[in-house]
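Work through these exercises with the sequence and the model side by side. Try each task before reading its solution.

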Amino acid sequence: MRWSLRPETAGYLFVLPAVLGLLAFGIIPLIYAFVVSLHNYDLVNPRAPYVGLANYTALATDRVFWTALRNTSAYALMLVPLQTAVGLSLALMVQPSTRWIALLRASYFMPVVVSYVVAAGLWEILFAAPNGPMNSLLALAHVPPQLFFQDRHQALPLIALMSSWKWSGITMLIYLSGLHEIPAELYEAAGVDGAGGLRQFGNITWPLLHRITLFVLVVNTIEAFKIFTPVYVITRGGPLNATMVLVFHLFREGFRYVHLGDASALSFVLLVVILTLATLQFRVLRGESQG
Amino acid sequence: MNLTSSGTNIRPRSGLLAHVAAGGKLALAIIFVFPLAWMFLSSLRPVAEIFQYIFPFSLWTVVPLHATLDSYRHLLRDEPFGRYLANSLIVASCVAAFDVAVSSMAAYALARIRFAGREALFFLVLTVMIIPFEALLVPLYLIVRWLGWVDSYAALIVPMVPRAFSIFLLRQFFRGLPRELDDAARIDGCRDWGIYWHIMLPLSRPVLLSVTLLTFQEMWGSFTWPLVSTNNANMRVVQVAVASFGQGDGSPRRSPSCCS
């Protein structure tokens, strides 16, 4: 008799490596994070005492945590509308596909290809104070030298500006795929009825892009709450905690001060924020496709 | 019937307006490209020249006066930058290769084979996809330390496989392939492995390639996990090395245009 597997068994064998990976490096760490957050854990003391929710209550009285939460939200509020608006504008601008337009598309997309670390390092040099290239450019217009990343009012908005420079190309790409799905007949009919470009945008393009816009908004918000790399590279949370964000706070607590319990409590707060946003996204998208 | 709109919403405009629009598009292109071009041009400068021509703003602020490859030579000869590049290359290639193998197998089973718990497994994939990696930094570090993997390629590679997103993407694609192909193959005596290997994979080459490239690109650019899981300079990847430039020692930041 030939040796053969029941289809069931074959199925399990096919998914086995993936499931092991997803469990070992996804689900188990998640549970472990919760366990660690209930203990006073550091790397020196092997027997971490159980402290219940003390790490969470400590978080509630941690002023840096509230600063980080406020800064992260402020960053999201600046980045998300900016990146979405820029992405949509770019998509509308590069829509009729010609050879020149393809070149423009490639230009707008270029920062996406560069790594986040390199992009952040580049902006740090460009906006160096007081003698960087940007200040030199401003001097042409007789603007006095700015402190940029060293100014506690400019640093966070500049990081938002940098991130939207880096990522708008992705948003453009998503909107382009949406624009492709709008039937050309709609515009032809509108043109026959005498509707101009602006009215066509208001009555056809914008309403039909509604779903994509919701998707873009939620994805960008989730990404915004995970901001870390440019903060690490450029400002390390400074000046005066002006760019202290959730993940950087988590990183510092966990890997610089080795307060692993506190860091894990922070992880859970981050998780709750992002899961809430993701649920919102799921709801909104499902509601849309039904309505 | 032409379903793709090709800019028909933009009506022919007067000459002046068209020029203004073209100028705007070009200005935006400059904003997006200029910093990168400046970085590249600066990388061709000798060290002494890097900060010399910034004030006042002139052509030489942008264009190097004396072009040289000194910076690149310095990076490769005086600093172990070749090692960092090799580390990134090894990690990104291994993760991409392992991920596409493991993910495509799981995706095939999720798309084609009926077994108890399949829906639950797909839910697992979606769950892991939503979990922000940043929230797992601390526990993952503890697990990797417990395994004795700190400062090893294993730490940089193994926890990254598989990527839930790859499984999701491939499953969607496999589901779109016609089932008649499976049935025909089964009649010809193929079993699941044969269908996966001889039918699914050859038909999905473009998707497999884009999943591989996407993973490679993300791993090449990944920063936070290597930063946390390695201390030894021998294990440093390019992004961590670039991030540590110009910190502390007061030496001018090299333009790392080679590490995009």
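**Exercise 1. The fold of chain B**

Which pattern does chain B follow, read along the sequence? The model is a predicted one, so keep that in mind throughout.

Solution. 
- Step 1: Read chain B along the sequence. The pattern is α-α-α-α-α-α-α-α-α-α-α-α-α.
- Step 2: Count the elements. Chain B has 13 helices and zero strands.
- Step 3: Look at the domain assignment. It gives domain 1 of chain B at 17-68 and domain 2 at 81-259.
- Step 4: The centres of domain 1 and domain 2 of chain B, taken over C-alpha atoms, are 36 Å apart.
- Step 5: Check burial. In chain B, 36% of the 260 residues count as buried.

**Exercise 2. The spread of chain A**

Solution. 
- Step 1: Count the elements. Chain A contains 13 helices and zero strands.
- Step 2: Compare with the globule rule. The radius of gyration of chain A is 24 Å, well over the 19 Å that the rule gives for 291 residues, so chain A is more spread out than a compact globule.
- Step 3: Box the chain. Along the principal axes, the C-alpha atoms of chain A fill roughly 80 × 75 × 40 Å.
- Step 4: Check burial. Of the 291 residues in chain A, 41% are buried.
- Step 5: Look at the contacts. Take those in chain A between residues at least 6 apart in sequence: 68% join residues at least 24 apart.

**Exercise 3. Annotated spans**

Find the spans that UniProt annotates, and read their secondary structure from the model.

Solution. 
- Step 1: An unreviewed UniProt entry places the feature "transmembrane region" at residues including 106-129 and 263-282 of chain A.
- Step 2: Read these two spans. Residues 106-129 of chain A are 79% helix and 0% strand, with end C-alpha atoms 31 Å apart. Residues 263-282 of chain A are 100% helix and 0% strand, with end C-alpha atoms 28 Å apart.
- Step 3: Turn to chain B. The same feature name is placed by UniProt (unreviewed entry) at residues including 16-38 and 153-174 of chain B.
- Step 4: Residues 16-38 of chain B are 100% helix, and the end C-alpha atoms are 31 Å apart. Residues 153-174 of chain B are 73% helix, and the end C-alpha atoms are 32 Å apart.
- Step 5: The UniProt annotation "domain: ABC transmembrane type-1" (unreviewed entry) covers residues 69-281 of chain A. That span is 76% helix and 0% strand.

**Exercise 4. Where the chains meet**

How many residues of chain A are in contact with chain B?

Solution. 
- Step 1: Count both sides. 78 residues of chain A are in contact with 69 residues of chain B.
- Step 2: Find the main contributor. Helix 1 (residues 7-37) of chain A gives the largest share of the chain A side, 20 residues.
- Step 3: Sort by class. The chain A side has 54 nonpolar, 21 polar and three charged residues.
- Step 4: Zoom in on helix 6 (residues 133-140) of chain A. The buried residues there are P133(A), M134(A) and N135(A). They pack against helix 5 (116-126) of chain A, together with helix 1 (15-43) and helix 2 (59-62) of chain B.

**Exercise 5. The nonpolar cores**

Which residues have the most contacts inside the largest nonpolar core?

Solution. 
- Step 1: Name them. They are Y75(A), I159(A), V245(A), L246(A), V247(A) and A106(B), in a core of 114 residues.
- Step 2: Find the main element. Helix 4 (residues 81-112) of chain B brings the largest share of this core, 14 residues.
- Step 3: Look for another core. A second, separate core of 13 residues includes V86(A), A91(A), M93(A) and L209(A).
- Step 4: Go back to V247(A). Leaving out residues up to four places away in sequence, V247(A) touches K226(A), I227(A), F228(A), L270(A) and E134(B).

Note on methods. Residues are numbered from 1 along each chain as its sequence is written. Chains are lettered from A and ligands numbered from 1 in the order in which they are written. This is a predicted model: local features need pLDDT of at least 70, side-chain atom pairs count only at pLDDT 80 or more; totals for chains, interfaces and linings use all residues. Domain bounds come from an automatic or database domain assignment. UniProt positions are given in the numbering used here, feature names are shortened, and annotations may be inferred rather than shown by experiment. Helices (H or I, at least four residues) and strands (E, at least two) are DSSP runs, numbered from the N terminus. Two residues are in contact if their C-beta atoms, placed from the backbone, lie within 7 Å. Ala, Val, Leu, Ile, Met, Phe, Trp, Tyr, Cys and Pro count as nonpolar, Asp, Glu, Lys and Arg as charged, and the others, Gly among them, as polar. The radius of gyration is taken over C-alpha atoms; the globule rule is 2.2 Å times the number of residues to the power 0.38. A residue is buried if 20 or more other C-beta atoms lie within 10 Å of its own, exposed if 12 or fewer, and partly exposed in between; C-beta atoms are placed from the backbone. A nonpolar core is a set of buried Ala, Val, Leu, Ile, Met, Phe, Trp, Tyr and Cys residues joined through C-beta atoms within 7 Å.
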